[in-house]
Amino acid sequence: MNTGMVSSAVAAPQARRSRRRVRRILVTVGVVLAVILVVVYFGVSAYSVDKLSRPARNPAAHTPAEYGLKYEDVQFNTAVDNIPLKGWFIDSAGTKTIIMLHGRDYSREANGGLEKAAVLAGHGYDVLMFDFRAHGTSGGERYALGAWETRDVTGALDYLKTRGVTTVGIYGISMGAATAIMAAAEHPEIEAIVSEAAYSDLSVLIDEVFPERSGLPSFFNPGVQSMARLFFGMDFSKASPAAALKAMGGRPILLIHSTVDDFVAVSHAYRLQEAGAGNPNMEVWIVADAAHCEAFSTYKAEYTQRMLTFYDKYVK
């Protein structure tokens with residue numbers, strides 16, 4: 001037999017085995033790399049949610065007394081998870097009550113909170129203002145950008161009932177504004193809502209701002225929302241003031257937003273306006289030249305007049 005033919009016959013199976021080995025190695029390497037990429041993707045997403053859900057506390061450095069207001073320190077627990085919240089109850093010459101809700105990474109006094117409270121109290125409204133969970137001096141370690149904070153409002157309403165208060169108006173700014181709208185859909189005793197700089201849907205807001213704020217590419221957005229739901233029980237898809245507005249019917253609401261808001265784009269206000277298009281008691285005030293949460297400081301006189309006129313008309 002020709003030795004060349006023998007060599008070829010032996011070499012061919014060896015070459016096939018070698019190619020199969022290479023393919024197996026490549027497949028194994030590919031699978032390992034894919035697993036590593038998945039682990040890294042969801043690991044980074046989980047780490048980002050962990051950081052995102054731990055806000056800056058920034059406890060209040062001032063008190064209502066500095067505005068000549070009569071007040072008392074109060075404490076009550078959230079609904080469902082019983083987290084202790086701390087706040088102030090400001091007593092006025094009147095009998096109507098407004099609950100005030102602040103934004104993320106701040107406390108009850110922030111964004112002109114005390115000055116607005118002084119305006120309301122001077123006009124005959126009692127004011128309950130408190131620190132959301134994980135903010136200021138309240139308990140809790142995490143927050144959920146409004147997805148959990150309606151429980152805080154339920155706790156506030158339960159507390160007010162112990163004082164004989166059964167109907168209220170509510171004021172919210174940024175995260176507090178979104179929370180106010182969603183809480184109002186759950187609680188008919190909230191008669192009127194003033195909302196500044198609310199998002200329309202939390203999932204939409206996260207898609208818009210998370211890449212810039214976190215430094216991560218936008219393809220991490222689905223992972224972040226999945227890890228928030230899996231590890232922390234935060235379902236951002238259910239935090240929808242737009243859906244809440246549709247459920248509220250004709251409940252009076254004053255929406256305030258700025259065209260140059262660099263955190264919650266004015267498009268959110270337009271989506272909220274569209275969601276409440278059938279509400280005859282909706283008022284929308286779109287301002288210019290005011291940064292996020294700065295409409296009051298920029299247009300103080302008009303803001304004050306609109307807010308007080310609105311509450312006077314609808315809070316009974």
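This is a short tour of a predicted model, stop by stop.

Residues are numbered from 1 along each chain as its sequence is written. Local features need pLDDT of at least 70 and side-chain atom pairs count only at pLDDT 80 or more, while totals for chains, interfaces and linings use all residues, and side-chain values use heavy atoms, with hydrogens and water left out.

**Stop 1: helix α1.** Select residues 3-52, which make up α1 (helices are DSSP runs of H or I, at least four residues; strands are runs of E, at least two; both are numbered from the N terminus). R24 is in this helix. Now colour R16, R17, R19, R20, R21, R23 and R24, which form a positive surface patch.

**Stop 2: the largest pocket.** Which residues lie nearest its centre? Select S48, L52, F210, R213 and S214, part of a lining of 20 residues. The largest pocket holds about 390 Å³ of space. Both α1 and α5 (202-214) supply at least two lining residues each, and α5 gives the largest share, seven residues.

**Stop 3: the largest cavity.** The whole structure has four cavities of 30 Å³ or more, and the largest has a volume of about 70 Å³. Its lining includes M100, L101, H102, F130 and Y171. Show β3 (96-101), α2 (113-122) and β5 (168-173) too: these elements each give two or more residues to that lining.

**Stop 4: a salt bridge.** Finally, select R133 and D81, whose side chains meet in a salt bridge at 2.7 Å, N to O (a side-chain nitrogen of Lys or Arg within 4 Å of a carboxyl oxygen of Asp or Glu). R133 sits in the loop between β4 (125-130) and α3 (150-162), and D81 in the loop between β1 (70-77) and β2 (84-91), 52 residues apart. How many salt bridges are found in the whole structure? The search finds 15.

**Terms used.** Patches take residues with over 30% relative accessible area and no salt bridge, joining like charges within 9 Å and nonpolar side chains (Val, Leu, Ile, Met, Phe, Trp, Tyr) within 5 Å. On a 1 Å grid over the protein atoms alone, a cavity is a set of points where a 1.4 Å probe fits but cannot get out, and a pocket is an open set with protein on both sides within 12 Å along at least five of seven lines; lining residues have an atom within 4 Å of a point.

Terms used
Accessible areas come from the Shrake-Rupley method with a 1.4 Å probe; for residues, only the protein chains shown count as cover. Lys and Arg count as positive and Asp and Glu as negative; His and the chain ends are not counted. The place of a charge is taken as NZ of Lys, CZ of Arg, CG of Asp or CD of Glu. Grid points are joined across faces, edges and corners, and a volume is the space filled by probe spheres set on the points.
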